Amino acid sequence: MIEQDWVSQRFAEHQDRLQAMAYRMLGSPSEAEDAVQEAWLRVSRADTGQVENPAGWLTTVVARVCLNMLEARRSRREDSAGALPPEPDAGIHPPDHAGPEDEALLADSVGVALMVVLDTLTPAERLAFVLHDVFAVSFGEIGPIIDRSPVAARQLASRARRRVQGAAGASEAARSAKREIVEAFLAASRSGDFAALLELLDPDAVIGEIRGDQAVAAFFAGRAQAARLALVDGVPAAVWSHLGRPKAVITFTIDDEKITRIDIDTDLDRLSDLDIVILAAGDKERR
């Protein structure tokens, strides 16, 4: 009974922090509550005789629960994706029942840029970044949670941080004229609007061996159904993905508000080095 009382007291002391941590890692108040509840079930049954750092121990338990939930979420998304998933929302937002204070707390602590890219990170990247950059957990503690060395955990957090920093300057590109042209081109392609495609293409437009606006428009009419508007290294483009992984990047060269060249890159090695942020159609920067 004494041990159970000790666990209850320690958990109560740190519950607010654990709840906040789960919220930032999962982006959902309800999932955060589930994670903390699951963590409590685990710690209430655990042998605490060797616990010397209650705060670190509880952080580890909650983080592992969140990691499992993120991996399960990712697996469900891939299993249900089918051939071509619909265009996703560009950001992560608490459900409708989350109040303004909850949303402001999340946005304030992780930043608007992270709200945009958080869901594009792998579970391990996401955990390493949030734990270290938001909650100042050391990489020595993070490593065992994600079954990586401290050096590998540092690299994961660094990679995630670059994505966030890259997205921080993405809003201007997202509002640019090029973005509007690319978005209009994708919409015309999906709907098979040949006239609208011609309006967007330069008369001498090129894609591979296909030359001329008529030929390029014919090539794209009714296609690009699964291509999603994206920022690729901060530049508006289109991305086709399968099971959550980019398989092709479509880039556009634009001169005088007309598309002069379209390139499609399917080299997976090159694609893996690109910073890709998927955008929802018509989405603007969220403040």
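Mentor: Start with strands β3 (residues 228-232) and β4 (residues 235-242), which run antiparallel and are joined by five bridges. Helices (H or I, at least four residues) and strands (E, at least two) are DSSP runs, numbered from the N terminus, and two strands pair if DSSP finds at least two bridges between them. The model is a predicted one, in which local features need pLDDT of at least 70 and side-chain atom pairs count only at pLDDT 80 or more, while totals for chains, interfaces and linings use all residues. Residues are numbered from 1 along each chain as its sequence is written, and side-chain values use heavy atoms, with hydrogens and water left out.

Across this pair, A230 stands opposite A237 in β4, and L231 stands opposite P236. In a regular strand, side chains alternate between the two faces of the sheet. The hairpin of β3 and β4 has two residues between the strands, and D233 there takes a positive phi near 50°.

On from β4 comes strand β5 (residues 245-255), paired with β4 in the antiparallel sense over five bridges. V239 has V249 in β5 as its bridge partner. This hairpin also has two residues between its strands, and L243 in the turn has a positive phi of about 55°.

These strands belong to an open sheet of seven, with the order β2-β1-β6-β5-β4-β3-β7 and mixed pairing. Its edge strands are β2 (210-211) and β7 (276-278), each of which pairs on one side only. Helix α11 (residues 213-220) lies across β1 (201-207), β2 and β6 (258-265), running at about 60° to β1. For that angle, axes are lines fitted to C-alpha atoms, for helices over the stretch in contact (heavy atoms within 4.5 Å); angles run from 0 to 180 degrees between N-to-C directions.

Salt bridges come next; the term means a side-chain nitrogen of Lys or Arg within 4 Å of a carboxyl oxygen of Asp or Glu. By this rule the count comes to nine. One of them joins the side chains of D263 and R261, at 3.1 Å from N to O. D263 is partly exposed, with a relative accessible area of 28%, and R261 is partly exposed as well, at 40%. Here buried means under 20% relative accessible area, exposed over 50%, and partly exposed in between (1.4 Å probe, protein chains only). D267 and R270 meet in another salt bridge, at 3.5 Å, and D265, D267 and R270 are linked in a network. D267 is partly exposed at 28%, and R270 is partly exposed at 48%.

Finally, look at the cores. A nonpolar core is a set of buried Ala, Val, Leu, Ile, Met, Phe, Trp, Tyr and Cys residues joined through side-chain atoms within 4.5 Å. The largest has 43 residues, and M25, C66, L127, L131, I142 and I146 have the most contacts inside it. Apart from it lies another core, of 24 residues, among them A217, A227, A238 and L279. Leaving aside its neighbours within four places in sequence, I142 is in contact with A128, L131, H132, V137 and A153. T59, found in helix α3 (residues 54-81), is buried, with a relative accessible area of 5%. Not counting residues up to four places away in sequence, T59 touches R17, L18, M21, L131 and V137.
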